[in-house]
Amino acid sequence: MKKLGVGVIGLGVGIRHVRSFESHPNCEIVSVCDFLDDKLAKEKEHNPFLKSTKDANQILEDPDIDIISVASFDNYHSSQIIQAINARKHVMAEKPLCMNIDEMVQIQAAHMQNIDIKISANHVLRTNPRFKRFKTDIANGKFGDIFYLEGDYYWGRKHKLFGWRAEMDFYSIILGAAIHMIDLVMWLMNAKPISVQAMGNDIANINTSLKYNSFAVILLQFENGTIAKLTGNGGSVHPHFHGLKIFGTERTAIHTLTEAYNLNTSDINSEPVPITEPYPEKKLREKVIHSFVDSILDPSISPLVPHQDVYDVMSVCFAAEKAMNSGKSISIEYMN
């Protein structure tokens, strides 16, 4: 079988894309792109046969490339994704897919004209064994009826807010951070929220180069009444972490930096049940890309992150931005 040729745009987080595609037996990295010479040189040392360029168009137009991995700065995503789709190349994107609804409409229009092209996004929390266990237990009724969830994205790397993110015309802590928790909760619940409220502030970055909110709190309501409170906490004095609490009528699950356990009773004398599935298990995150490649090779296989899930999460993010800016509860309109 001829290997699928892969081009990766952006060698920040994109270097993880490179390694994930490299580890798939049916993929070959053809070319990489970055603005910085030292990143390109370092990757050429790793793979001397690699093409390298500062011009993303050279990757997007390369006939030897079947898959484009878009890991560039957020404000480049939409144009590169659209160009890749129109060039008949499959797309694995870093989140967010794009920065606003107009860009989302353009991506979907291009996709509708090339519906056999596969699109996915790197929502890596779906690969974590602990979160997968929560999803299985929810589906099997171990929690009873879920009525409330909390999810916190603790960035823990505040300095990263003051580079290219601060230089963009617009930066969103919802699209850049809280999106992970939005995707996680929707995936755990296997459901789409119907409305959202949100608030944010820039207190953690006052008098810095970042002129946008570095914190957002989001309230999602699902059709059955379940509520989820999620945060994107860019200014947190806290290690990078994805906090989660799940409250059901039969069980509560607590996952924090220092402990993880289930409570199966309200009896204060009852011992919490330790949760032993590992976290963060970053090596497993390559499964997002591997499943995407497998779905290209065999259309009967569904990728771990199907394109409709990506579109749905983006719809929630855009509604949350609107809610934060308006101070109103917003009904979520999903873009199919």
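**From a surface patch to a covered helix**

Mentor: Happy to! Start with Leu36, which sits in the loop that links β2 (27–33) to α2 (37–46); helices (H or I, at least four residues) and strands (E, at least two) are DSSP runs, numbered from the N terminus. The model is predicted, so local features need pLDDT of at least 70 and side-chain atom pairs pLDDT 80 or more, while totals for chains, interfaces and linings use all residues. Residues are numbered from 1 along each chain as its sequence is written, and side-chain values use heavy atoms, leaving out hydrogens and water.

Leu36 counts as partly exposed because its relative accessibility is 43%; buried means under 20%, exposed over 50%, and partly exposed in between (1.4 Å probe, protein chains only). Together with Phe35 and Tyr76, Leu36 forms a nonpolar surface patch of about 290 Å² accessible area. Such a patch joins nonpolar side chains within 5 Å, each residue having over 30% relative accessible area and no salt bridge (a Lys or Arg side-chain nitrogen within 4 Å of an Asp or Glu carboxyl oxygen).

Now turn to helix α4 (residues 77–86), where seven of the ten residues are buried. They are His77, Ser78, Gln80, Ile81, Ile82, Ala84 and Ile85. Their cover includes β1 (4–9), α3 (56–60), β4 (67–70), β5 (90–93), α5 (101–113) and β6 (119–121). Leu97 touches His77, Ser78 and Ile81, among others, contact meaning heavy atoms within 4.5 Å. Just after α4, Arg88 has a positive phi of about 65°.

Conventions:
Patches are made of residues with over 30% relative accessible area and no salt bridge: like charges are joined within 9 Å, nonpolar side chains (Val, Leu, Ile, Met, Phe, Trp, Tyr) within 5 Å. Accessible areas come from the Shrake-Rupley method with a 1.4 Å probe; for residues, only the protein chains shown count as cover. Lists of a residue's contacts leave out its neighbours within four places in sequence.
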